[in-house]
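I hope they are handy to keep beside the viewer.

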Amino acid sequence: MGDEVSDGRDGSQAAGAAGVRPRSGLRALVVEDETKLAELLGSYLARDGFDVAVVHDGLEAVATARAVDPDVVVLDLGLPGLDGVEVCRQLRTFSDAYVVMLTARSEEVDTLIGLSVGADDYMTKPFSPRVLMARVQAMMRRPRQPDEADALEGARTFGALVIDPLGRDVWLDGELLSLTRTEFDLLAALAERPRMAFSRRQLIDAVWGPTWVGDEHLVDVHIGHLRRKLDDDATHARFIRTVRGVGYRMGTGQ
Ligand code: CA
């Protein structure tokens, strides 16, 4: 425990790594006003091959995200300038990055899920940077190794909706949709087994991983976003049905 205070690395290496060609080609943005924690998280991400940018306030966060187009954003909730909620809202207007929001208290997570700010995951301080890195890596790995099943199955069609797991593309009425990483993974999980009614926990296992702990209604928030983008309706579903008392499945109906 206590990684975040005992690591002792000088994070300036991470912040200064912009000129180094990253192995992964992936970019991360750390937004955290506690400079020691920011540098520590930056150094972990840099060690894992990310090209890292570190900023300490909300306004700078949005500008930097526009400039570097990050794949991952680690975003503190309490920030000077704009708070994390507003940063995430603005970010979502132009980015599908994987956003992990950091909160000071676990109760805040429920509120944030209720507010539907568009973060993909939440971590409550204090946390182990290793756990954060495990989650980030699990999420980044997914699109990088489409498995044989996906390759064999190819695209799936549900009426006007076409889902291509290999290219991670989704079309509705022939129009390419812009989904976040989490939204795509949720939809792909449902579409992979279209006759199965998934519980929220099963969807969390599939998208966030089996070690994820937290409020399972996070799933409902992302399903809500997906439905909006798919022009779908919970009461007369075209694509994603609510299965009462269970969770969700693909299909039309109530
Ligand atoms: Ca803070």
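1. A search of the whole structure turns up 12 salt bridges, each being a side-chain nitrogen of Lys or Arg within 4 Å of a carboxyl oxygen of Asp or Glu. Please keep in mind that this is a predicted model, in which local features need pLDDT of at least 70, side-chain atom pairs count only at pLDDT 80 or more, and totals for chains, interfaces and linings use all residues. Residues are numbered from 1 along each chain as its sequence is written, and side-chain values use heavy atoms, with hydrogens and water left out.

2. Start with Glu32 and Lys125, whose side chains meet in a salt bridge at 3.0 Å, N to O. This pair links distant parts of the chain: Glu32 sits in the loop between β1 and α3, Lys125 in the loop between β5 (121-124) and α7 (129-144), and they are 93 residues apart. Helices (H or I, at least four residues) and strands (E, at least two) are DSSP runs, numbered from the N terminus. Both Glu32 and Lys125 are buried; buried means under 20% relative accessible area, exposed over 50%, and partly exposed in between (1.4 Å probe, protein chains only). A network of salt bridges links Glu32, Glu34, Asp76 and Lys125.

3. Asp76 leads us on to the calcium ion. Its protein donors are Asp33 (OD), Asp76 (OD) and Gly78 (O), lying 2.1 to 2.4 Å from the ion, and their spacing along the chain is D-x42-D-x1-G. Asp33 belongs to the loop between β1 (27-31) and α3 (35-47) and Asp76 to strand β3 (residues 72-76), so the pair ties together parts that are 43 residues apart in sequence. Donors here are N, O and S atoms within 2.8 Å of the metal (3.2 Å for Na, K and Ca); water is not among the atoms, so sites may look incomplete.

4. Arg105 and Glu107 meet at 3.5 Å, N to O; Arg105 is partly exposed at 47%, and Glu107 is partly exposed at 49%. Asp205 and Arg201 meet at 2.9 Å, N to O. Being four residues apart in helix α10 (residues 200-207), Asp205 and Arg201 are separated by about one helical turn.

5. Now the nonpolar core (buried Ala, Val, Leu, Ile, Met, Phe, Trp, Tyr and Cys residues joined through side-chain atoms within 4.5 Å). The largest one has 80 residues, of which Phe50 and Ile240 touch the most other members. Helix α9 (residues 181-192) gives the most to this core, seven residues. Domain 1 (9-141) and domain 2 (148-250) both contribute residues, so the core lies between them; the domain bounds come from an automatic or database domain assignment.

6. Ile240 also has a place in a strand pairing, where Met250 in β12 stands opposite. Four bridges join β11 (residues 240-243) to β12, running antiparallel, with pairing requiring that DSSP finds at least two bridges between the strands. The two form a hairpin with three residues between them, and Gly245 in the turn has a positive phi of about 75 degrees. Strand β12 (residues 247-250) is also joined to β10 (residues 198-199) by two bridges, again antiparallel, and Phe198 has Tyr248 as its bridge partner in β12.
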